[in-house]
Amino acid sequence: MGNYFHSVELNADKCCGCTNCLKRCPTEAIRVHGGKARILPERCIDCGECIRICPHHAKSAYSTKIEEIENFKYTVAIPAPALFGQFNGLDNIDFVLTGLKKIGFDHVFEVSRAAELVSEATRRLIKEDKLKKPIISSACPSVVKLIKIRFPELCGNVLNLLAPIEVAAKIARREAMEATGLPSEDIGVFFITPCPAKVTEIHSPNYAEKSEVDGAIAISKIYPALARAMDHLEEVEPIAQSGLLGIGWATSGGEAAAMLGDKYLAADGIENVIRVLEELEDEHIRDVDFIELNACSGGCVGGVLTVENPYVAQARIHNLRKYLPVSLNHIDGRSIDDMMWTEELTFDADIFRLDEDIIRAMEMMSRMEEIREGLPGLDCGSCGAPTCRAMAEDIVRGKAKETDCIHKLKAKIQSVYDQLKNTI
């Protein structure tokens, strides 16, 4: 199994083995043994559901420390549009952008600007009939990884355009190099992120060898310093260059609405996303050109690294959009090719391969089905695996034994008891 970077981390000292995360994980990436949870790195999609559900705060997400901006001669903040929904009474995003400069960044480039470019590029590709329909948005890294792991047949439907954070980082870095004359390595581009999946995507991209972003700082970490800076601004710089289409990407349905058509579908929340993907795989969804899927409820404003209630943040974003033009960013002379993926999205078969030897793997698969049929089928999680099928797989992989199932153990104890009773 290869090396995997993950933003989601587990603090075993805080874990009490309650199985809440086990049952919530959408890719069965968690096991509980010896009273402690364990995350299987090859299956984790960094959706943050385990962070959200853990009552003991044993799960957390790694993100860049703001002090790391000092490692560069010139720094650019690229804030997610979800950041603008975190502040009460905000009617001008220039307050936030100026605040970011106040706390140490030399320049700010909104991700919402790049989102408008990605939306326009998508519209062009749809018009030219160059994409496989229905097109699935590639903006949410957790959804992209989920498709790689659970729905490989849909890999060809995923939009092969860079996410807005990568497009923003490319443009921001290029502009900074031209403005300062500094080489690329002296310029630090930092994303202000609402979720752990985007942190992981920066360190281990799905669609490129290397990200253009140097670090991702959680909204929750930067919020206190940013809020204080905004409270003491003497002057607000006119920095903002985003329209309502770009800002709308912060909430569920925003990207789909930017397609400016009516044949689209938007779903948010990991369970709803899985339901849509299952129906799409079964070809039950028709007459839809574009599908926007967000792992977090409400869209990016619902990320676990935000500070505000997602529904409150969503209302603030909608209010902000009232005062904005439709779009302020256009492709013009830019090449869409510069926004395309450099690598194809493919199914990682190694994750589910039981053995390198195909004959041995088939034998293990047969044995796994036998074990599964012998298990109670309750999917109770008491064994430390999320389902009986996952338990059977763990057994054939040598990571568990049948008596880990409390129902099988109870039956075995009863059998021993009955034998002893008959001998007395």
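User: How far can I trust the details, and how are residues numbered?

Analyst: This is a predicted model, in which local features need pLDDT of at least 70 and side-chain atom pairs count only at pLDDT 80 or more, while totals for chains, interfaces and linings use all residues. Residues are numbered from 1 along each chain as its sequence is written, and side-chain values use heavy atoms, with hydrogens and water left out.

User: How many helices and strands are in the chain?

Analyst: Helices (H or I, at least four residues) and strands (E, at least two) are DSSP runs, numbered from the N terminus. Here the chain has 15 helices and 11 strands.

User: Is I78 buried or exposed?

Analyst: Buried means under 20% relative accessible area, exposed over 50%, and partly exposed in between (1.4 Å probe, protein chains only). I78, which is found in strand β5 (residues 74–79), counts as buried because its relative accessibility is 0%.

User: Which residues does I78 touch?

Analyst: Contact means heavy atoms within 4.5 Å. Leaving aside residues up to four places away in sequence, I78 touches several residues, including F109, I165, V189 and V213; V189 lies 111 residues from I78 in sequence, yet the two are 7.1 Å apart in space, C-alpha to C-alpha.

User: In what order do the strands of the open sheet with β7 lie?

Analyst: Two strands pair if DSSP finds at least two bridges between them. The order is β7-β11-β10, with parallel pairing, and the edge strands, β7 (135–136) and β10 (264–268), each pair on one side only. Between β7 and β11 (residues 290–294) there are 2 bridges, and I136 has I291 as its bridge partner in β11.
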